[in-house]
Amino acid sequence: MSTAISVEHLAYSYPGVDNTPGVAVFEDMNLTVEQGSFVAVLGGNGCGKSTLAKHFNSILLPCGGKVYVCGIDTADEDRLMSVRRNVGMVFQNPDNQIVANVVEEDVAFGPENLGISSPVIRQRVDRALRQVGMYGFREHAPHLLSGGQKQRIAIAGIIAMEPKCIVLDEPTAMLDPKGRREVMETITALNRDKGITVVLITHHMDEAAQAQRVVVLHAGKVMADGAPRDVFQQVQLLHSIRLAAPETVELCYELNQKGFNLPLDRLNDEECAQALYDWIKA
Amino acid sequence: MLKDITLGQYFPGNSPVHRLDPRTKLIVLVVYIVALFLASSWVSYGVMFLFLAISIAISRIPLKALAHGMKPLLFILVFTGILNVFFTPGETVLVSLGAIRITAEGLVRAVFMMLRILMLITGTFLLTYTTSPISLTDGLESLLGPLKAIRLPVHELSMMMCIALRFIPTLIEETDKIMNAQKARGADFESGSLMSRVRALVPILVPLFISAFRRADELATAMECRCYHGGDGRTKMKLLRYKLLDYKTFTLTLLLFSAMIVLRRFGM
C-alpha cells in the first residue's frame, strides 16, 4: 500500500499577537496514513486535531518538518492546486461551507474551479449526489434541508472533485443523532466502495470505533495508535488525558474494578452483551 | 415577522418565460423599460400593456403574487399620482380652489405616470419571479463579461451577489434566534419611544455582525479548500446558450420597440 499522507517531524506554533509569544501546538509530530485506509483522529479540546487537519491541505504550512500529500510537499506553492485536488476537506458547520443556493450548483462549485468541461461536471455532480443519497434534492435550496442533509451535500461537493483522500473535521459535531448516523454511513460507504482514504477527526468514541485505525492525540503528541480494539483497551491511558473509552468498554472496565473479569475489546452492544452472558454462565 | 421579507422571490416553474435564457430576459427588460418611456399616448400604452399582459399570462405567475409584491410600493405610486395631478400646468381647468388647480392635462398625465411606474415594476417582478437568483447572476456575469477588458471585476461581483443571496435566509434565521435569546433575557423590542427601540437593536446587531464575520472566515477557508482561485480558468456546469425561443423573443421585442418609435413619430 502506498502512503496518502505523511507527516514528518512537523512543528507548528500559532503566531502571537503584539509581540506575545506564539502557542506551540506541535514540536515533533510524525504520522503516516496509508492509501485507502479509514483513520480516526481522537483527542480532547485543544490537542491539535484541527490544526493537524489544516496541514493536510495547505491551509496551514509547517514551521518545521514536512507534510507530504500523495508525495507532494504541501509547502510547494506551485503545486497548491494539486494538493487541494487530492485532499478534500469537510468542516464542522455545514452552513458555512455551502456556497450556492441550489444544491447541485453547490456540488458543482469545486469541479468548476478545476476548469473541467461542462458535460463532465454534470456527470460528476450527479454521481456525487447519488453516492451521498441526495440526488432527489438536487434542485432544492440548501437552507431548507436538515443538518445531516446539508453535511452530506458538503461531502458531495468534495467527492465531485474526485480527491484521493477526504479529511473531515468533526463533521457531526453540530448534528442530531439521525444526522450523525447519515453522515457516518456516507463516510464508511465512501471508504469501502470507492477506496477513498478517510481521515475523520472526532471526539465521539463510537464514531472512532468504526474506523480501521485510531490515533489518539494529546498536547500535540501521538499517545496511542492502532486498531480501535487495541487502542480502547488502554482505558487508564484514555482517562489520564480526559477521554473516555466507548460506553461498552467503560462498562466492562467498571465491572472489572468490582471483581469481574471481562474482555475490554467489545466495541458494540451485542458483543458486550455476549461477553457478559458468557461470564455469568461460566 | 422576519419571514415576510420577499427579496427577489422566485417562483419555480416550467413556462416558456421560465425557460428563457436569463440574458434574454435581462435584455428584453431593458428594452421594455426604454420602450415604456417612449410611450406617450393611449395607443402606445395599450400596446405596452398588451405585451406585458401576454408575458404574464405565458409565465403563469399568479396575479395575486404580483399584487402582493406591489403593496410596499403603493405609497410611491399614489404620491407620484397626486404630485402630477396638482403640479401639471394646463389649460382646461376642472376644479379651482385658490392656488390649487386640477386640470384635465394634469389628470391624464398622472394616470400615464402611474401606469408607467406600475408597468415598470410589474415587468421587473416578472423577471425576478421567473428567474432563479443563481441564473440571474450567471446572466449578469455573462452580459457584463466584455467589461472585464476595462478591469471591472465582473466575476467577483457576481460571486459576491451569489453568496449574499445564499446567506440572506441563514442570517434571517440567525437574527430571529438572537432576538429570541435577548427576549428571553427580558429585552423589549416592541414598546418605548423610537429612540429606545433603535437602541434595543444594538444588542442584536453586535452578535449578528460578529457571527457574520466568523461565517465569512470559515466560508473563505472552505472555498479555498475547494480550489477556488478567482474567475480565471473556471468553467461552468450550466452553460448559457441561446435557443430558438430566445431568438423568437428577441424578434418580438424588436418589433415592439420599432412599433413604439413609429407610434411616437406619429404623435400617438
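Which residue in S9(A) does Leu42(A) stand opposite?

1. Start with that pair. Leu42(A) faces Val216(A) in S9(A). This is a predicted model, so read each point below as describing a prediction.

2. Now look at the two strands. S3 of chain A covers residues 38-42, and S9 of chain A covers residues 213-218. They run parallel, joined by 4 bridges. As background, strands of a sheet pair through backbone hydrogen bonds, either parallel or antiparallel.

3. Next, the whole sheet. It is open and has 6 strands, with mixed pairing. The order in chain A is S6-S7-S8-S3-S9-S10. S6 and S10 (221-226) of chain A stand at the edges. Each has a single partner strand, so one side of each is left without a neighbour in the sheet. On average, neighbouring strands are turned by 20 degrees against each other, direction ignored.

4. H6(A) lies across S3, S7 and S8 (197-202) of chain A, at about 155 degrees to S8(A).

5. Take a closer look at H5. This helix of chain A spans residues 147-159, which makes 13 residues. From first C-alpha to last it reaches 19 Å, close to the 18 Å expected at 1.5 Å a residue.

6. Is H5(A) mostly covered or mostly uncovered? Mostly covered: 12 of its 13 residues are buried. Among them are Gly148(A), Lys150(A), Arg152(A) and Ile159(A). The buried residues pack against strands S6 (87-90) and S7 (165-169) of chain A. They also pack against helices H3 (103-113), H4 (118-131) and H6 (177-194) of chain A.

Key: Residues numbered from 1 in each chain as written. Chains lettered and ligands numbered in written order. Predicted model: local features only at pLDDT ≥ 70, side-chain atom pairs only at ≥ 80, totals over all residues. Expected span 1.5 Å × (residues − 1). Buried ≥ 20, exposed ≤ 12 C-beta atoms within 10 Å, placed from the backbone. Contact = placed C-beta atoms within 7 Å. Pairing = 2+ DSSP bridges. Axes fitted to C-alpha atoms, helices over the stretch in contact; angles between N-to-C directions.
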